[in-house]
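This briefing goes through one protein model by topic. Keep the sequence and the 3D view open while reading.

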Amino acid sequence: MKKLILIRHGKSSWELKVRDHDRVLLERGVIDAHLIGNHLKDAFITCHEIWSSTAARALQTAIIVSEYIDYNLDVFKLKRELYTFDGHELISQIKTCPDDINSLMIFSHNHGLTDAANILGSQYFENVPTTGVVIIEFKTDKWSEIKKGQTIAHFFPKNLR
């Protein structure tokens, strides 16, 4: 079995005069990342590896959430390829995960994240909101062979407040 935990970065602002890649979290994004991290801890959700987009807002979200699940940042992976808005590109990256990793947490961007959740999972989401989490399990031992899995949970900040 393989478990994929997809997390969209927290709320950021378009008002800052910076490149898209450099946009940081707003206060609400920071608060929601703490809320989601705490909920994952309370739900005993862990992972073997965390991959994050190199975009500032995704990295900030990943660092905050990882503090709650007591994850070792020494093996935390930044991947420029996760700075994508395309679901198929995101899935291609997920399929490169080493098979000795059974649970993978990904921090990335929309629309790619929502599309990947809908392509891979069994539940349809119109939109995975900022800091939203979708967890999908696959009955396979190889990441390269993941196809349609079972959506086992989803957590959205507005439902946890």
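This is a predicted model: local features need pLDDT of at least 70, side-chain atom pairs count only at pLDDT 80 or more; totals for chains, interfaces and linings use all residues.

A residue counts as buried when its relative accessible area is under 20%, as exposed when that area is over 50%, and as partly exposed in between. By this rule I136, at 0% relative accessibility, is buried.

- I136 belongs to strand β5, which covers residues 133–138.
- Leaving aside residues up to four places away in sequence, I136 touches K2, K3, L4, L6, A117, L120, G121, G149, Q150 and T151.
- Between I136 and Y83 there are 21 Å in space, C-alpha to C-alpha, and the two are 53 residues apart in sequence.
- S52 sits in strand β2, and S52 is also buried because its relative accessibility is 0%.
- With residues up to four places away in sequence again left out, the contacts of S52 are A58, L59, A62, F76, K77, L78, K79, L82 and F107.

**Helix α3**

- Helix α3 runs over residues 87–94, and its buried residues are G87, L90, I91, Q93 and I94.
- These buried residues line one face of the helix, because they fall within an arc of 155 degrees when seen down the axis of α3.
- An α-helix has 3.6 residues a turn, so residues three or four places apart point the same way.
- At the start of α3, the backbone nitrogen of H88 has a side-chain oxygen of D86 within 3.0 Å.

**Salt bridges**

- There are 4 salt bridges in the structure.
- One of them joins R19 and D22, with the closest N and O atoms 2.9 Å apart. R19 is exposed at 51% relative accessible area, while D22 is partly exposed at 35%.
- Another joins R28 and D32, where the closest N and O atoms are 3.4 Å apart. R28 and D32 are 4 residues apart in helix α1, so about one helical turn separates them.
- R28 is partly exposed at 42% relative accessibility, whereas D32 is buried at 1%.
- D32 also meets R161 in a salt bridge, at 2.9 Å from N to O. This pair links distant parts of the chain, since D32 is in helix α1 and R161 is in the segment after α5 (157–160), 129 residues apart.
- R161 is exposed, at 59% relative accessibility. Through shared partners, salt bridges join R28, D32 and R161 into one network.

- L16, V18 and V24 make a nonpolar surface patch of about 220 Å².
- V24 lies in the loop between β1 and α1 (27–42), and V24 counts as partly exposed because its relative accessibility is 35%.

**Backbone features in loops**

- The peptide bond from N110 to H111 is cis, and its omega is near 10 degrees. H111 is in the loop between β4 and α4.
- F44 is not a glycine, yet its phi is positive, at about 60 degrees. F44 is in the loop between α1 and β2 and is exposed at 73% relative accessibility.
- T131, likewise a residue other than glycine, has a positive phi near 65 degrees. T131 is in the loop between α4 and β5 and is buried, with a relative accessible area of 0%.

Definitions and conventions: Residues are numbered from 1 along each chain as its sequence is written. Side-chain values use heavy atoms; hydrogens and water are left out. Buried means under 20% relative accessible area, exposed over 50%, partly exposed in between (1.4 Å probe, protein chains only). Helices (H or I, at least four residues) and strands (E, at least two) are DSSP runs, numbered from the N terminus. The arc is that of the directions from the helix axis to the C-beta atoms. A polar contact is a pair of N or O atoms within 3.5 Å; within protein, one must be able to donate a hydrogen and the other to accept it, and residues adjacent in sequence count only if both atoms are side-chain atoms. Patches are made of residues with over 30% relative accessible area and no salt bridge: like charges are joined within 9 Å, nonpolar side chains (Val, Leu, Ile, Met, Phe, Trp, Tyr) within 5 Å. Accessible areas come from the Shrake-Rupley method with a 1.4 Å probe; for residues, only the protein chains shown count as cover. A salt bridge is a side-chain nitrogen of Lys or Arg within 4 Å of a carboxyl oxygen of Asp or Glu. Contact means heavy atoms within 4.5 Å.
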